[in-house]
Amino acid sequence: MDFDASTPLAQEIARLSDRRRRAETLEFRKPAHTRIISVTNQKGGVGKTTTTVNLAAALARAGLSVLVIDLDPQGNASTALGVDIRDGRPGIYDVLIGEQSLADVITTSGENEHLLVAPSSLDLAGAEIELVSMPSREFRLWQAIDAYLSHREHHIDFVFIDCPPSLGLLTINAFVAAREVLIPIQCEYYALEGLSQLLKNILLINDHLNPDLTLSTILLTMYDSRTRLSEEVAAEVREHFAQETLTTAIPRTVRISEAPSYGQSVIAYDPGSKGALSYIEAASELSQREEHHAQ
Ligand SMILES: Nc1ncnc2c1ncn2[C@@H]1O[C@H](COP(=O)(O)OP(=O)(O)O)[C@@H](O)[C@H]1O
Ligand SMILES: [Mg+2]
């Protein structure tokens, strides 16, 4: 068969193989101190879990040690990393109510020995209410992470906290434990709706609970280059948040959406795919931005 290198498909294939080659030479910077990143957006379905899982997997693939804390009762991040949360194992709920330490519940993901998971469980849904009457209710996740990291043998480069789609006590615990907030923004109608409320919440946390918390990173997700809408949303976000927004946008791809049903990140499921390459590029960018944004 003749191969016409000028067709759009051929050009797309050539671009993809270029990106695959480049992905092998991308740099990933190991931070001097553990970076703790809360992946937050009170809207559901914007790509929080997908972003948590795949940035974490991309960094672990590069040899960095990464811990994913699944703070959403739905447990999608745990499942996507191959951890079965229906088997009654202890999880982050038991840590928050003080019955287990973080070290007790952490398990290695199926796909990479550098990628650890503190899984969710169904009873986490009740924690939002149970925590209300507990002492230092906003600080319990911070205390658990601090105790874990203070052990010399627990060296972690990145902690990602996958938040539930609300601004309740679980998310507040994430905001107190983290130094950085990463907001995934779906390139869709109403993408910026609710964002000012989220930013206000970060300021409130700054005033009352954690002065170090900053919005460090925005990642555009489910970008569809064929639609004007995606382009418009992306342009608007980049205009408002020029510093924070990663250059890499994550495209909407089938591979990304089917990986979780195999209990894998897209990085493990199809490492050469467009979706995996985008998350690898975004993870590299995130790792390089330390000096400007964290600390
Ligand atoms: N880039 C993408 N391409 C295709 N599907 C995606 C992409 N990102 C997320 N999804 C899908 O969209 C849905 C919502 O994503 P998810 O990460 O679970 O959002 P959230 O955690 O914010 O609720 C999931 O079914 C997920 O598989
Ligand atoms: Mg989620």
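Predicted model: local features only at pLDDT ≥ 70, side-chain atom pairs only at ≥ 80, totals over all residues.
**Stop 1: the whole chain**

Show the protein chain as a cartoon. By that count it has 14 helices and seven strands. Its radius of gyration is 19 Å, close to the 19 Å that the globule rule gives for 295 residues, so the chain is as compact as a globular protein of that length. Colour by accessibility next. Of the 295 residues, 52% count as buried.

**Stop 2: strand β1**

Select residues 35–39. This is strand β1. Is β1 enclosed or open? Five of its five residues are buried, so the strand is largely enclosed by the rest of the structure. Buried here means under 20% relative accessible area.

Arg35, Ile37 and Val39 point one way from β1. Ile36 and Ser38 point the other way. Both sets are buried.

**Stop 3**

Centre on Ser38. Which residues are its bridge partners in β5 and in β6? In β5, the partner is Ile161. In β6, it is Val181.

**Stop 4: ligand 1**

Select ligand 1 and show what surrounds it. There are 14 residues in this shell. The closest are Gly45, Lys48, Thr49, Thr50 and Pro251. By class, the shell has five nonpolar, seven polar and two charged residues.

Where does the shell come from? Highlight α2 (48–61) and α11 (254–258); each supplies at least two residues. The largest share, three residues, comes from α2.

- Lys48: a polar side-chain atom lies 2.9 Å from an oxygen atom of ligand 1.
- Thr50: an N or O atom of its side chain is 2.5 Å from an oxygen atom of ligand 1.
- Pro251: a polar backbone atom is 2.8 Å from a nitrogen atom of ligand 1.

Now switch to a surface view. Taken alone, ligand 1 exposes 550 Å². How much of that does the protein bury? The protein buries 78% of it.

**Stop 5: two loop residues with positive phi**

Go to Ser136. Find it in the loop between α6 (124–130) and α7 (140–149). Check its backbone: phi is positive, about 40 degrees, although Ser136 is not a glycine. Its relative accessibility is 34%, so Ser136 counts as partly exposed.

Finish at Tyr190. Tyr190 is not a glycine either, yet its phi is positive, about 60 degrees. Is Tyr190 buried or exposed? Its relative accessible area is 60%, and exposed means over 50%. Tyr190 is therefore exposed.

Key:
Residues numbered from 1 in each chain as written. Chains lettered and ligands numbered in written order. Heavy atoms only, no water. Near = heavy atom within 4 Å. Polar contact = N/O pair within 3.5 Å; in protein donor to acceptor, adjacent residues only side chain to side chain. Areas by Shrake-Rupley, 256 points an atom, 1.4 Å probe, with all protein chains shown as cover. Helix = DSSP H or I, 4+ residues; strand = E, 2+ residues; numbered from the N terminus. Nonpolar A, V, L, I, M, F, W, Y, C, P; charged D, E, K, R; others polar. Buried < 20%, exposed > 50% of the residue type's maximum accessible area, 1.4 Å probe, protein only. Pairing = 2+ DSSP bridges. Rg over C-alpha atoms; globule rule 2.2 N^0.38 Å.
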